[in-house]
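I opened the notebook to look up a few places in one protein model. The entries follow in the order I made them.

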Amino acid sequence: MLTVGQKFPSFSKTAVVSLEKGKEFETITSDFLVNEDNVWTVMFWWPKDFTFVCPTEIAEFNKNFGEFRDRETRLIGASTDSEFVHAAWRKDHDDLRDLKFPMLADTSKSLAEELGILEPNEKVAYRATFIIDPQGIIRWVSVNDLSVGRNVKEVLRTLDGLQTDELCPCNWEKGQETLTV
């Protein structure tokens, strides 16, 4: 599995960005991650569309979209389902219709495989979360088993700590003192 300090791999994938007819799909590439505007990226993966735990996580990331935007951080959701399945799921599920971030389709499973997050039996992505800095370097990764949803507040807390570029003690939260050496 790729980990902290490694460059996020190159990719070019189709994503669902809207439910508006004719504007549903866009290509997103790894070039999107590297920028001079100091914009970070959080890419989070789920195993399968039309399941039970996944929409709770996606909806929670969406509820916190403003928190990520306030931290100059892009959100990208991803799974190994196709863009057409993503679009159908968004249309079908009340909590997913108004997503403010793209749903990346890794139908070939190549990106999930390169990241090392492809579950070996079902060949779906684990619940993986990557925080990527503006240089395209992975700064944090967390992976959950298929059955356990992640904590979006912890992703935000970790992002806050990374963005201070300081030493942050255990249970540190934004606004608290960092460590001085």
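Entry 1, K109. The model is a predicted one. I looked up how open K109 is, and its relative accessible area is 24%. Buried means under 20%, so K109 counts as partly exposed. K109 sits in the loop between β5 and α4, and α4 covers residues 110–115. I then read its backbone angle: phi of K109 is near 65°. That value is positive, and K109 is not a glycine. I noted the background for this: most residues other than glycine have a negative phi.

I found D165 in the segment after α5. Its relative accessibility is 67%. The cut-off for exposed is over 50%, so D165 counts as exposed.

I stepped back to list the elements. How many helices and strands does the protein have? I noted five helices and seven strands. In sequence order the pattern reads β-β-β-α-α-β-α-β-α-β-β-α. The protein has 181 residues, and a compact globule of that length would have a radius of gyration near 16 Å. The protein has 16 Å, so the value agrees with that of a compact globule. The box that the C-alpha atoms fill, taken along the principal axes, is roughly 55 × 35 × 30 Å.

I looked up what share of the residues is buried: 48% of the 181 residues. The protein exposes about 9,300 Å². Carbon and sulfur atoms supply 48% of that area. For contacts between residues at least 6 apart in sequence, I noted that 67% join residues at least 24 apart. I also looked up the charges, and there are 21 positive and 31 negative side chains. The centres of the two sets lie 3 Å apart.

I then looked up what covers the buried residues of α3.

I turned to the buried residues of α1, which are C54, P55, E57, I58, A59, F61 and N62. What covers them includes the strands β3 (40–45), β4 and β6 (127–132). The helices α2 (65–70), α3 and α5 (152–164) are also included.

Strand β1 holds S12. Its relative accessibility is 49%. Exposed needs over 50%, so S12 counts as partly exposed. Which residues does S12 touch, not counting those up to four places away in sequence? I found T27, I28 and T29. I also took the distance from S12 to F84, 72 residues apart along the chain: their C-alpha atoms are separated by 17 Å.

I found E72 in the loop between α2 and β4. At 44% relative accessibility, E72 counts as partly exposed. Leaving aside neighbours within four places in sequence, E72 is in contact with D37, N38, V39 and W40. E72 and A112 are 40 residues apart along the chain, and their C-alpha atoms are separated by 25 Å.

My last stop was the segment before β1, where G5 has its place. Is G5 buried or exposed? G5 is exposed, with a relative accessible area of 53%. With neighbours within four places in sequence left aside, G5 is in contact with I137 and I138. The C-alpha atoms of G5 and L115 are separated by 13 Å, and the two residues are 110 residues apart along the chain.

Notes:
Residues numbered from 1 in each chain as written. Predicted model: local features only at pLDDT ≥ 70, side-chain atom pairs only at ≥ 80, totals over all residues. Heavy atoms only, no water. Helix = DSSP H or I, 4+ residues; strand = E, 2+ residues; numbered from the N terminus. Rg over C-alpha atoms; globule rule 2.2 N^0.38 Å. Buried < 20%, exposed > 50% of the residue type's maximum accessible area, 1.4 Å probe, protein only. Contact = heavy atoms within 4.5 Å. Areas by Shrake-Rupley, 256 points an atom, 1.4 Å probe, with all protein chains shown as cover. Lys, Arg positive; Asp, Glu negative; His and termini not counted. Charge placed at Lys NZ, Arg CZ, Asp CG, Glu CD.
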